[in-house]
Amino acid sequence: MTTADPLLSGSGLSKSYGGVHAVSDVSFTLHAGEVLGLIGPNGAGKTTLVDLVTGAQDADTGELVLTGSPLRGGAAHRAAQGLARTFQHPQLALDLSVADNLLLGAYAARHRGLGRLLAGLVRGILRPHAPADRALAERLATSVGISGLDRHARDLTLGEQRLVEVGRALGAEPCVLLLDEPFAGADAHGVAGTTRVIEVLRGAGHGVILVDHNVDLVTTLADRVMLMERGRVAFEGSPADCLASPEMQRVYFGTAPEEVAS
Amino acid sequence: MVGLRAGLRGMTNPQLWIAVVENGCFFALLGLAFYFNLTGAGFFNFGIGAIAMAAAFTGSWLVTEHGLSRPLAGVVGVLGAIAIAVVMELAVVRPVQARGEGELSALVAVGASLFTIIQLSGLFLGHEARSGQPFWSTAPFSVGSARVGSTVVPIVVITAALFTLSYLALQRTRLGRLTRAIGNDTDAARVLGLPINTARLLSFAAAGLIAALAGITFAGRSGVSPDNALHWTITGFLALVIGGTGTVWAPLLGGALLALANVFIPFYFGGDVLAYGLVVVAMLFFAFRPEGVFAPRVRV
Amino acid sequence: MSARLPNVAGVLGLVLLVVWAGSDLYRSSLLVTMLTYALVALGMYVPFVLAGSLSLSYSAYAATGAYAVAIGTAHAGWPLWLGMLVAPPVAAIIAVVLGAATMRLSGFYLGAVTLLFAEAFIQLLGNLGVTGGPSGIVGLPLLSFGGWEPSPQQTVLMAVVLTGVLALALDRLRRSPWGVVIRASREVPIAVDTAGVSVSVLNLVALGAGAAIASLGGALFTTYVGAVNPETFSVNVIFLAVFMPLIGGIGNPWGAVLGAAIVVHLTLNVDSLASSGTLLVSLSVLVILVLFPRGVLGFAGTAARGGTTLLTTVTKRGART
């Protein structure tokens, strides 16, 4: 693998539900230290694509390659290869504390595979608490900018829940992070926290796939943007090129560029 | 090894087929009761078997211990069953389900209800099995070499009548169509302001009525004790799951298939094989075709 | 520190029960029955309360423990304690195989299949030669460790220690990273899956661990009574084992032990209740489910607000400070 090889690539990914093509023949690449923005209207297939990459859903067709090796198997297996994600509808254990939710990514990373799961069971009985974990929770909380570790997750606002999800994913130390609408319902503080995490991962040479409806934010943060429409890639290129493209005009304003010009 | 002759002896034995019909009708009725609960409340009521048992058991007790006439005891049993079903919905299932905690708490709540009904029956009416006291029986007669018992004709007639009535009620009446709409999509129904609670209550009441008629009539053949409750519940659930939830007639098919297994597997292989076989059949059906033979048509 | 309160209270409660039983044989047998139930309920606690899946085969696992002891002793000439060591892995294997076969099921479907399995399993026990058929296996020798034969009182004491240690261990497990992962899998399985732990494998481990613990209950009972038959562990045991953590409080494994004590007290120890004890138990479960929802099955972390039982309240209060 040379430096020019992508960190993660997908080719010919498709998924349909009973005749409706949610994602059809989508290919993409993500390089180390790159943020790939994914925009498009509702139902364009952005979340489905994230699901196909992370293994939350099985693709009908298509191949994925992560650092030179095929990426296959279930969601848990792919996470073990270095993928982490957040969810459009935050998936926090509302019954648990903020600290436990933040640590879930790191905890899960320690229990990957049957052997570690069994060892973790024994270790859990012998030594339920490690002071280092509390420190890790505080570090993760600081990275995303959230406080009140001992609150119940159910008491968080939507924006705070999104931050905890980002922190949880960060705790798994992923090489590719997929963020599904991290800015929806987030205030300026939430945006800043997520942005900080994106910058840290980019700086560390990891890859980020950023899905959001906030075109301004995505085009500001991303190195490259993919515009999706009805399950297909309508445009791919630099943020500036994308914003200026006729496809962008058509997808978001429903008009051909000539009409806009006239 | 089952010889060909033995095989034929079973399959051509009319007595066994009569048992299939009788069992099949009973299982189908229990399945139909489940179907009503599922349609109106989107919920498997594991209390069905206990309700059927309680109706039959109470009826028998009233006849043998208190000299009530069978029809009167039947009416008391049926009304009691409807009352139990309604109380279950109002006092247990609705409050628990309304909290939206998912299936687990509803399942435990229904399990506790089932257990409570069994214990109540045992405490007040005794744990010993009683002979059934069906409100309607016919004089036994013979068809060729086979003897048709006193409860066969009634249960066939009741089954035919209840399935036809259910079909008409659900397809042809406004409330029935409403009920099905609510079972299909409770959230949408709520948004549309449909009378969800009324439909739910009616579906519980109908399930109680059907279960009671099934239990009282079938007990005439098999007898009844509180121990039957759990079995009857599982049987009705299996009849519905195997038949499918796509049409009101589906439990009839599920009940028939279960009855075939219940009669012929013990005949050929012994009663134990039935218990083991049921586990396997249930597992396969639940895992690979949980929608049953008649699946609901999917509307995209 | 007050997070330890349920543990302290639990251990103290067990000590008081041992003192109460003393050398009274009737009380000792009640205590053994309670500990049997407690072990089955503690076993069920793992998949049911921690992982949120209701597998109802627990009478089969208790019976596995009982028959492992009885068969090992009667047919292989093992000492009783060897059967107790063999029982947990055997029960765990059965639970994992059944769990793997029913992996795609949940809720009502899982409940129905596991119930059918439990019934078929009990029927199998009544039909095999090695299990002694319907009459079971009787006349087992007394417990003996290489010549040292503990008195009934000492046997009860060992059972109390075993139950206490397991309750303590499960409480530690619940709060550990492993416990956080499995409790999260109950609410948000997709988040756990995409974080790298397969929820199906996790569930199998929970089922195996739970069955292993429950089998100890059966093994204990058979060791103490010296006999077993297919009727020993009926379907009632399953229901009661589901109800026990609910009655005692699901916030802590000690709730299962407390629930077992309450159930045995109501069903066996209060003469005036006679057969209505079981009814009282099921009614109280209904009342708890309906009136104190958050505390019991809400799995909602607001248990303390519901205030279902003293223990739950104490636990949650402790967890907050």
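In which helix of chain C is C:M158 found? Helix α6 of chain C, spanning residues 152-175, holds C:M158. The legends below describe a predicted model.

**View 1. C:M158 on helix α6 of chain C.** The relative accessibility of C:M158 is 33%. C:M158 therefore counts as partly exposed, since that class lies between the buried limit of under 20% and the exposed limit of over 50%.

**View 2. A nonpolar surface patch that includes C:M158.**

**View 3. The helices of chain C.** Chain C contains 15 helices and zero strands. The chain has 321 residues, and 62% of them count as buried. Among contacts in chain C with a separation of 6 or more, 74% join residues 24 or more positions apart. The accessible surface of chain C is about 11,200 Å². Carbon and sulfur atoms account for 68% of that surface.

**View 4. Confidence along chain B.** Chain B has a mean pLDDT of 87. In this chain, 94% of residues reach 70 or more. Confidence is lowest in helix α1 of chain B, residues 4-11, with a mean of 67. Confidence is highest in helix α3 of chain B, residues 48-66, at 95.

Conventions: Residues are numbered from 1 along each chain as its sequence is written. Chains are lettered from A and ligands numbered from 1 in the order in which they are written. This is a predicted model: local features need pLDDT of at least 70, side-chain atom pairs count only at pLDDT 80 or more; totals for chains, interfaces and linings use all residues. Side-chain values use heavy atoms; hydrogens and water are left out. Patches are made of residues with over 30% relative accessible area and no salt bridge: like charges are joined within 9 Å, nonpolar side chains (Val, Leu, Ile, Met, Phe, Trp, Tyr) within 5 Å. Accessible areas come from the Shrake-Rupley method with a 1.4 Å probe; for residues, only the protein chains shown count as cover. A salt bridge is a side-chain nitrogen of Lys or Arg within 4 Å of a carboxyl oxygen of Asp or Glu. Helices (H or I, at least four residues) and strands (E, at least two) are DSSP runs, numbered from the N terminus. Buried means under 20% relative accessible area, exposed over 50%, partly exposed in between (1.4 Å probe, protein chains only). pLDDT is the predictor's confidence in each residue, from 0 to 100. Contact means heavy atoms within 4.5 Å.
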